[in-house]
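Here is a short walk through one model, written for someone who would rather look at side chains than read a methods section. Keep the viewer open as you go.

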Amino acid sequence: RPEIDGLRGIAVASVILYHAQISFQNYQLFKGGFIGVDIFFVISGYLITSIILKELSITGSFKFKYFYERRIRRILPALLIVMLASLPFAWIYLPPNSIIDFSKSILYSLGFSSNLYFHFSGQQYGLESSYLKPFIHTWSLSVEEQYYILFPLIILFVIKFFKKYLIHTLILTCIISLIIADWGSKNYSSLNFYILPTRGWELLAGSILAYYEITL
């Protein structure tokens with residue numbers, strides 16, 4: 001899908017430009033570039049829901065084994081390569097305490113729970129201290145993987161027992177997640193930033209788009 005690849009390109013460019021902190025006359029030019037992560041979440045929700053609904057429509061069933069196998073083949077090799085390539089640089093440049101955090105972040109990243117690790121270790125994204133945590137970016141991958149694990153189970157349960165209410169369930173859950181995210185941003189900003197329930201509305205926005213594209 002060239003249009004989805006184009007959106008991915010825009011998302012990647014915006015995140016890179018945001019982190020580059022390019023300024024002109026003391027004004028940061030791309031300070032809203034972190035929206036690229038939100039775009040990625042919407043794309044992920046759209047693609048995963050499309051895969052599930054199309055497979056159900058064509059075959060009448062859904063094979064969890066092949067779904068999770070495809071996700072593993074797509075993500076794990078690249079993640080392992082990045083980890084191995086990062087090790088010598090971490091050994092050379094990071095202080096001892098940061099090496100310990102670096103090792104823990106690798107383990108949690110492999111378990112797709114680094115978002116929880118970074119929150120509960122007190123690491124607020126975007127602070128200067130995060131520059132010493134090379135794998136802090138994997139928080140978003142962990143959110144997506146948690147979604148990949150849970151969403152197929154939930155959507156197939158709804159389709160089996162409440163099929164005619166599928167879109168209502170998606171919309172209602174999206175609204176609830178958005179309300180929680182709005183409240184959390186004012187009261188628990190770090191937790192709100194990192195966890196699936198407050199990022200779910202972005203993924204579900206993509207799911208709703210996929211549902212209407214396939215069913216209309």
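R73 and E69 sit four residues apart in helix 3, so about one helical turn separates them. Their side chains meet in a salt bridge, with 2.7 Å from N to O. R73 counts as exposed because its relative accessible area is 52%, and the cut-off for that word is over 50%. E69 is partly exposed, at 32%. Bear in mind that this is a predicted model.

Why would such side chains pair up at all? Side chains of opposite charge can do so when their charged atoms come close.

Helix 1 (residues 2-20) has a pair of this kind too: R8 and D5 are three residues apart there, so again the separation is about one helical turn. The closest N and O atoms of R8 and D5 are 3.3 Å apart, and the two form a salt bridge. Both ends are partly exposed: R8 has a relative accessible area of 22%, and D5 has 45%.

What about E55 and R70? Their side chains also meet in a salt bridge, at 4.0 Å from N to O. E55 lies in helix 2 while R70 belongs to helix 3 (residues 64-93), so this pair ties together parts that are 15 residues apart in sequence. E55 is buried, with a relative accessible area of 16%, whereas R70 is partly exposed at 29%.

| Salt bridge | N to O |
|---|---|
| R73 and E69 | 2.7 Å |
| R8 and D5 | 3.3 Å |
| E55 and R70 | 4.0 Å |

How many salt bridges are there in total? The count comes to six. Besides the pairs in the table, have a look at D38, R199 and E202, which are linked in a network of salt bridges.

Now for the way the helices pack. Two packed helices are described by the angle between their axes and by the distance between those axes. The axes of helix 2 (residues 35-59) and helix 6 (residues 138-162) come within 11 Å and cross at roughly 30 degrees. That makes helix 2 roughly parallel to helix 6, since angles under 35 degrees are classed that way. The crossing of helix 2 past helix 6 is right-handed.

Helix 6 also packs against helix 9 (residues 196-215), with the axes 11 Å apart and an angle of about 65 degrees. Helix 6 and helix 9 are therefore roughly perpendicular to each other. Helix 6 passes helix 9 in a right-handed crossing as well.

Next, a backbone detail. Most residues other than glycine have a negative phi. F112 has a positive one, near 50 degrees, and F112 is not a glycine. You will find F112 in the loop between helix 4 (96-110) and helix 5 (114-120). Is F112 buried or exposed? F112 is buried, with a relative accessible area of 19%, and the cut-off for buried is under 20%.

Last stop, the surface. Which residues form a nonpolar patch there? They are L17, I22, F24, Y27, L29 and F30, and together they have about 530 Å² of accessible area. One of them, Y27, lies in strand 2 (residues 27-28). Y27 is partly exposed, given its relative accessible area of 45%.

Definitions and conventions
Residues numbered from 1 in each chain as written. Predicted model: local features only at pLDDT ≥ 70, side-chain atom pairs only at ≥ 80, totals over all residues. Heavy atoms only, no water. Patch = residues over 30% accessible without salt bridge, like charges linked within 9 Å, V, L, I, M, F, W, Y side chains within 5 Å. Areas by Shrake-Rupley, 256 points an atom, 1.4 Å probe, with all protein chains shown as cover. Helix = DSSP H or I, 4+ residues; strand = E, 2+ residues; numbered from the N terminus. Buried < 20%, exposed > 50% of the residue type's maximum accessible area, 1.4 Å probe, protein only. Axes fitted to C-alpha atoms, helices over the stretch in contact; angles between N-to-C directions. Parallel < 35°, antiparallel > 145°, perpendicular 65-115°, else oblique. Left-handed = near helix turned anticlockwise from the far one by under 90°.
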